[in-house]
Amino acid sequence: MPYSPEDQQWIQSQLRAEYIGREIMTHDSVESTNDIAKQLAGNSDKDGVVILADSQTQGKGRLGRTWYSEENVGIYLSILLKPALAPEQLAQLTLVAGVVLVQTINEFSRTRAYLKWPNDVLLNGKKVAGILTENYQENKLSGVILGIGINVNHARFPVHLQYIATSMAMENGEIFERLPLITFLLNHLDQEYRTFLSEGVSATVDQWNQNSDMFGKHITMTQGTQTFSGTAMKLDEEGHFVLLTDYGEEIAFDSGEVTLME
Ligand code: BT5
């Protein structure tokens with residue numbers, strides 16, 4: 001079911017947010033909630049607005065990839081944030097969102113979710129949620145769009161995703177209500193985001209390290225045309241991903257794609 005006006009009111013009534021979620025806009029089907037948030041970027045009073053859709057016809061992943069966004073069963077939302085962040089902080093904001101996202105899923109799921117760097121949440125090794133952070137810059141205006149997709153009640157996935165994607169329902173054998181997940185997510189994101197702006201990323205990094213099960217595992221890291229293999233060590237204080245290569249060299253990455261080898 002698409003979100004009703006009552007659903008929107010209920011979400012709004014549950015939000016304690018000072019910043020994120022001061023305003024919620026719900027839609028049935030859209031191309032991409034990130035794109036709608038971008039269209040609002042010119043309005044100075046839309047800082048912290050949340051765009052929530054029941055389905056997306058052109059949901060976006062990173063690097064031109066697509067996000068499968070079936071109706072009724074998922075959460076697809078984007079948040080418009082106005083303070084301009086340096087590119088370094090943009091990657092850190094993905095970590096902030098990741099920590100809150102994994103905590104939200106674990107609040108409701110009996111099967112424990114873990115973070116996979118840089119922007120995935122996994123349940124039993126399959127992707128249950130993803131984050132897309134985009135910078136925008138237009139007519140001297142700049143800011144960030146934070147997009148979050150969660151597979152909540154999907155019963156199955158298209159063939160091309162069936163071995164890599166899962167839903168909270170598939171891993172727990174039960175159906176979850178979307179609205180409490182949404183309000184938990186937004187309330188906690190508001191808190192973490194404000195802490196991040198005032199105190200920096202260090203508390204987030206600690207939480208991130210505690211909520212990932214990649215460390216100590218053998219991985220390959222692909223960045224552009226280069227591939228490195230070695231052991232995943234941790235996120236360092238700035239949130240860079242530290243790899244100990246098979247040749248004994250430590251390299252810190254600020255972007256890249258990780259493939260688990262075991
Ligand atoms: C992401 O990209 O994981 C970012 C996903 C962000 C989606 C949200 S939904 C609300 C907002 N509006 C948007 O338009 N987007 C955001 P990436 O790491 O590039 O992963 C994309 C890859 O994950 C695809 O190439 C598929 O292999 C896989 N995939 C696609 N749909 C999936 C799904 N629903 N669940 C799990 N994996 C999926």
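Strands (E, at least two residues) are DSSP runs numbered from the N terminus. All views show a predicted model.

View 1. An oxygen atom of the ligand lies 2.7 Å from a backbone N or O atom of Lys60. A backbone N or O atom of Tyr68 is 2.9 Å from a nitrogen atom of the ligand. For Asn151, a side-chain N or O atom is 2.8 Å from a nitrogen atom of the ligand. The ligand taken alone exposes 800 Å², of which the protein buries 92%.

**View 2. The largest pocket.** The ligand takes up the space of the largest pocket, whose volume is about 740 Å³. Its lining comprises 39 residues; Thr66, Trp67, Asp120, Lys127 and Gly130 lie nearest the pocket centre. Two or more lining residues come from each of H2, E3, strand E5 (120-123), E6, E7 and strand E12 (257-260).

**View 3. Strand E6 and the make-up of the pocket lining.** With 5 residues, E6 gives the most to the lining of the largest pocket. The lining as a whole divides into 16 nonpolar, 15 polar and 8 charged residues.

How values were computed
Residues are numbered from 1 along each chain as its sequence is written. This is a predicted model: local features need pLDDT of at least 70, side-chain atom pairs count only at pLDDT 80 or more; totals for chains, interfaces and linings use all residues. Side-chain values use heavy atoms; hydrogens and water are left out. A polar contact is a pair of N or O atoms within 3.5 Å; within protein, one must be able to donate a hydrogen and the other to accept it, and residues adjacent in sequence count only if both atoms are side-chain atoms. Accessible areas come from the Shrake-Rupley method with a 1.4 Å probe; for residues, only the protein chains shown count as cover. On a 1 Å grid over the protein atoms alone, a cavity is a set of points where a 1.4 Å probe fits but cannot get out, and a pocket is an open set with protein on both sides within 12 Å along at least five of seven lines; lining residues have an atom within 4 Å of a point. A molecule sits in a cavity or pocket if more than half of its atoms lie within 2 Å of its grid points. Grid points are joined across faces, edges and corners, and a volume is the space filled by probe spheres set on the points. Helices (H or I, at least four residues) and strands (E, at least two) are DSSP runs, numbered from the N terminus. Ala, Val, Leu, Ile, Met, Phe, Trp, Tyr, Cys and Pro count as nonpolar, Asp, Glu, Lys and Arg as charged, and the others, Gly among them, as polar.
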